[in-house]
Amino acid sequence: MTHPALPGHPHIAYRGDALFIEDVRVDDLAQAHGTPLFVYSQASMQAALAAYQRGFAGRKLQVCYAMKANSSLAVLQFFARQGCGFDIVSGGELERVVAAGGDVRKVIFSGVGKTRAEMLQALQAGILCFNVESEAELEVLSEVATASGHTAPVSIRVNPNVDPKTHPYISTGLKGNKFGVAHERTLAVYQRAAALPGLQVVGIDFHIGSQITEATPYLDATDRLLDLVQEIEAAGIPIHHIDFGGGLGINYNGDTPPTADALWMQLLAKIDARGYGDRQFMIEPGRSLVGNAGLCVAEVLYLKPGEEKNFCIIDAAMNDLPRPAMYQAFHGIVPLQQAGDAAAPVYDVVGPVCESGDWIGRDRALAVQPGDRLAVLSAGAYCMSMSSNYNTRGRAAEVLVDGPRAHLIRERETAQDTFQGERLL
Ligand code: PLP
């Protein structure tokens, strides 16, 4: 018997009344490991990566997983084993790649504020490319490389001034954003890069934002990027690779982003038409590889009826699931055990943290009692990696499911873990 998957979550489904992720009953995991608990489906990550690989079939492609989306070591290890490189934004992320057994020669280093120490660390490790975000950074990178006897491979991140039509906090390719070099300055910056002693130009890149649900912003940005490749190469500076960043959205709440293969077939048709189809391509997807592979299990602590609102207080909070508080983001919330058809009361689902911003879902109809468990969906990206110890709450445990097997990939943090390294006066 097949079980219809939850919309957007191909490997999460009810079997009878019980929620399963792949072949594992989610409640069994909660009983074994406690809550809050993050659970990821390996098959979902694999399927999401395969969609990109299908889209680029027959092309030269390096996927650099944007590990900020979920940088847990076992997740990195999984992508490394699939041949992925990594898009990193700090020296700490580089150390994680090494700890997970990733190939540093497939690492690209993005970010507007790389320190000299981080540049040196990445040069010594021998990364693939620095995605440089400003003219000032270019000068410093050249200095650091020259002083340490290295040549830094560089790509300039172009800000194409294209509206990705997403939340302002995750839109990055507009003139008012802090990211990348203005389109109009790009040629001059490449000329400077080619003239500086410690650098070698290898590529060009953009990343226009995150949770993008339409193809048009990518098509517009690609056109603008290819105009630049033409100009830069006409000025005698060869561009070896073209990097299209990440940003493809997922279905959180009925969102309908293009699938990765459909998007790339459309984009590659344009790229072919302009004569650049045989280049080395790079992409930096994060959310679309892991977001809907994960859920966060929480237990209902209290139901609190109110005059204006009913509250369902759970044991996961904004420190575990920061996206609602940060971006008013939506996560689906479903019970681990489905109840009958009785009309369910409507609740705001909130955590125990002492902030009114500590909400996980608003106005949700839920037939639950204290002690029941819920799954917060779409929790594979930008949840654990953004989590904190606010209110001295230890970070949750994490489990990776592969068919019928479940691997504990992160132990729950204890209170002692959270203040390790602190000193009394
Ligand atoms: N590349 C860069 C430079 C980014 O800043 C980000 C995310 O902010 C990504 C890739 C990944 O974006 P997403 O997770 O939306 O695919």
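Predicted model: local features only at pLDDT ≥ 70, side-chain atom pairs only at ≥ 80, totals over all residues.

I started with K68: an N or O atom in its side chain sits 3.2 Å from an oxygen atom of the ligand. Next I looked up S210, where a side-chain N or O atom is 2.3 Å from a ligand oxygen. Y382 also reaches a ligand oxygen with an N or O atom of its side chain, at 2.6 Å. How much of the ligand's accessible area does the protein cover? On its own the ligand has 390 Å², and the protein covers 92% of that.

**The shell.** I then checked who surrounds the ligand. There are 14 residues around it, and S210, G247, E284, R287 and Y382 come nearest. Sorted by class, I get 3 nonpolar, 6 polar and 5 charged residues in the shell.

**Cysteines.** How many disulfides does the structure hold? I got 0. I wanted to know why, so I went through two of the cysteines. For C84, the closest cysteine sulfur is the one in C64, and at 8.1 Å it is too far for a bond; the cut-off for a disulfide is 2.5 Å between the sulfurs. C84 is buried, with 3% relative accessible area. For C383, the closest cysteine sulfur belongs to C296, 7.5 Å away, so that pair is too far for a bond as well. C383 is buried too, at 1% relative accessible area.

**Helix α5.** This one covers residues 116-125, and I noted E118, M119, A122 and L123 as buried. Looking down the axis of α5, I see its buried residues fall within an arc of 135°, so they line one face of the helix. What does the face of α5 turned away from the buried side carry? I found the exposed residues A117 and Q124 there.

G92 belongs to helix α4, residues 91-99. I have G92 down as partly exposed, at 43% relative accessible area. E118 is one of the buried residues of α5.

**H9.** I placed H9 in strand β2, which covers residues 9-15. Buried or exposed? H9 is buried, with a relative accessible area of 3%. I also looked at what its side chain meets: a polar atom there lies 2.9 Å from the backbone oxygen of P7.

**R157.** Last stop, strand β10 (residues 152-159), where R157 is found. Which backbone oxygen does the R157 side chain reach? It is that of H207, at 2.9 Å. I also noted N131, which is 26 residues from R157 in sequence but 5.8 Å from it in space, C-alpha to C-alpha.

Note on methods: Residues numbered from 1 in each chain as written. Heavy atoms only, no water. Near = heavy atom within 4 Å. Polar contact = N/O pair within 3.5 Å; in protein donor to acceptor, adjacent residues only side chain to side chain. Areas by Shrake-Rupley, 256 points an atom, 1.4 Å probe, with all protein chains shown as cover. Nonpolar A, V, L, I, M, F, W, Y, C, P; charged D, E, K, R; others polar. Buried < 20%, exposed > 50% of the residue type's maximum accessible area, 1.4 Å probe, protein only. Helix = DSSP H or I, 4+ residues; strand = E, 2+ residues; numbered from the N terminus. Arc of directions from axis to C-beta.
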